[in-house]
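Here is a colleague's note for someone opening this entry for the first time. Please keep the model open while reading.

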Amino acid sequence: MNRFVAKVLFTVGACLASGAPLWAQDTGVIKGKIVFKGDPAAYSRVEIDTSKDPNCGKDGKKIGTENVVLNKKTTPVTVRNVLVSIKEGLGDRKYTAPTDKVVLDQKGCHYEPHVLALMEGQPLTIRNSDDTNHNIHFLPKVNEEVNVTQPQKGMEKDVKLVKEDVFKVKCDVHPWMGCHIAVFTHPFFFVTKEEGTFELKNVPPGKYKVEAWHETFGTLSMDVEVATGATVEKDLTFEPK
Amino acid sequence: MKFAAVATVVLAGWCVWASPALGQQADAPSTVGVTITGDYGYGFPPDASEHGHEMDRLIVIVHWFMGVLFVGWGVFFAYCLVRFRRRPGHQAGYDMIKAKPSKYAELGVAVFEGVLLISFSMPAWTKAKSPPDPATAVNIRVVAEQFAWNFHYPGKDGKFGKTDPKHIDTAINAVGVDRSGEGKDDVISGELHVPVGEAVICQISSKDVIHSFGVPVLRVKQDAMPGMRIPVWFKAVKTGTYEVACAQLCGNNHYKMKALIVIEPRDQYDAWLEKKGAPPKEFEEE
């Protein structure tokens, strides 16, 4: 009996420590690709002129536009930096924000990552890894504005975003620098990377509306039904006119 | 009176003693890792424009004049404090002074100011406010924004394309040029390049708040007003790399609102314009 109680406590403790919900075994997965249909050449990335600040790019590294980043090596062509999340269907479920720190880095005079997603109240650190002055400026719709100068390399600033929001971030010193931050009330979100794929794990069984948002192409949505232990695979396609 | 005389002698002595130090040349400043041409000390920055010496002469004359007035009035003030101090048996009088020297002094100041205005300021400003024919000059639009300078060149066709905020892309089209028409060959740069020895007309404007286009080495300063396009012109006579600065407090990063101005021979300027006018290179991730 004592051994059983110990096992239960260990499982609960392990789940809490890892951030995984207790019902993880009774959940499903939503995965897929964000596909681009059209002429990829029309959305080629170009080099950004950083001559406004000779400290940018002095190591010889170039930066490119990030408003559309296509993965042309994959077939079909997929899209990077798409924010995929559950929009509807979670009901009144409440989720606790993980304590893992998320970092928004100013590196090579651009932001890493270009689209950053986190949960309400999750710790966020803004870092300046460049040997130049940056002024990070959040332009939130509902959260508090952040407008901070970081003149020296290595400077960090901790902020907390406590309300659901999707907004733009800019640098007031380097006009080409921009990124987006999304704040969620739940942990079911994903930002597509090089492969253009997404995966929402530990989704409780139910019917959901899943949304894909891209800063240039806009939003797409799809209805998904998740069953216990099942993986639903569905792609979304951006077809810009 | 003795006190005033002593104070004047001490002040004059300090000026003579300190003058070599005041004239010392400091190291040329470097901005954002780029060495700026010329010697910078406590006096004027280098003069790289055709009209700069006129401005400098005016500033020097005005400062000497102010110095004379300052010392003169200071001495007179000190004299009055001592000469008309409170003493038993003396009472203040409230009648206007009728002495002639003060009238002559006031008349002298007025005449000097008149000479200053008519002989120095007006010729200099008439020249500054009479831009050359835009058809023969180099035309550049200078667009300020918090906290950067954008320089817009008309390209090979010599015509500026239409601009519209809807075309603004902060990464590659900071001034919102419509690339479909005459703007297809327009050049947008973060550095200001101008050919040496040629008249340049800059049309100054702002995308947001009031800024000021200040180029110390050219003795040029003009406010950038949102909603207005204000011309300012100059002829650079010395090649080199210098600084453009914002001369109007415009926000928390005002101090970083700088750009480089490169004054270069015509062939180098043409080569730069040709290079900048080329379509942007496709970016390939490493």
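The points below go from ground rules to chain contact, helices, strands and backbone details.

1. Ground rules. This is a predicted model: local features need pLDDT of at least 70, side-chain atom pairs count only at pLDDT 80 or more, and totals for chains, interfaces and linings use all residues. Residues are numbered from 1 along each chain as its sequence is written, while chains are lettered from A and ligands numbered from 1 in the order in which they are written.

2. The contact of the chains. Chain A gives 23 residues and chain B gives 22. Two residues are in contact if their C-beta atoms, placed from the backbone, lie within 7 Å. The chain B side that touches chain A holds 10 nonpolar, seven polar and five charged residues. Here Ala, Val, Leu, Ile, Met, Phe, Trp, Tyr, Cys and Pro count as nonpolar, Asp, Glu, Lys and Arg as charged, and the others, Gly among them, as polar.

3. A helix pair in chain B. Helix H2 (residues 52-83) packs on helix H3 (residues 100-128) of chain B at about 165°, with the axes 10 Å apart. Therefore H2(B) is roughly antiparallel to H3(B) (angles under 35 degrees count as roughly parallel, over 145 as roughly antiparallel, 65 to 115 as roughly perpendicular, the rest as oblique). Axes are lines fitted to C-alpha atoms, for helices over the stretch in contact, and angles run from 0 to 180 degrees between N-to-C directions. Helices (H or I, at least four residues) and strands (E, at least two) are DSSP runs, numbered from the N terminus.

4. A sheet in chain A. Four strands form an open sheet in the order E14-E4-E16-E17, with antiparallel pairing. Two strands pair if DSSP finds at least two bridges between them. E14 (189-191) and E17 (218-226) of chain A are the edge strands, each pairing on one side only. Neighbouring strands here are turned by 25° against each other on average, direction ignored. E16 (residues 206-214) of chain A is joined to E17(A) by nine bridges. In this pair, A:Trp213 stands opposite A:Thr219 of E17(A).

5. Strand E14 of chain B. Look at B:Ile261. B:Leu192 has B:Ile261 as its bridge partner in E14(B), and B:Tyr242 stands opposite B:Ile261 too. Strand E8 (residues 192-195) of chain B runs parallel to strand E14 (residues 258-264) of chain B, with four bridges. Strand E13 (residues 240-246) of chain B runs antiparallel to E14(B), with six bridges.

6. Cis peptide bonds. One runs from A:Glu112 to A:Pro113, with omega near 0°. A:Pro113 sits in the loop between strands E6 (110-112) and E7 (115-119) of chain A. Another joins B:Gln146 and B:Phe147, with omega about 5°. B:Phe147 sits in the loop between strands E5 (138-145) and E6 (148-153) of chain B.

7. A:Cys109 is not a glycine, yet its phi is about 60°. A:Cys109 is buried, with 23 other C-beta atoms within 10 Å (buried means 20 or more, exposed 12 or fewer, partly exposed in between, with C-beta atoms placed from the backbone). A:Asn202, in strand E15 (residues 197-203) of chain A, has phi near 55°. A:Asn202 counts as partly exposed, with 16 C-beta neighbours inside 10 Å.
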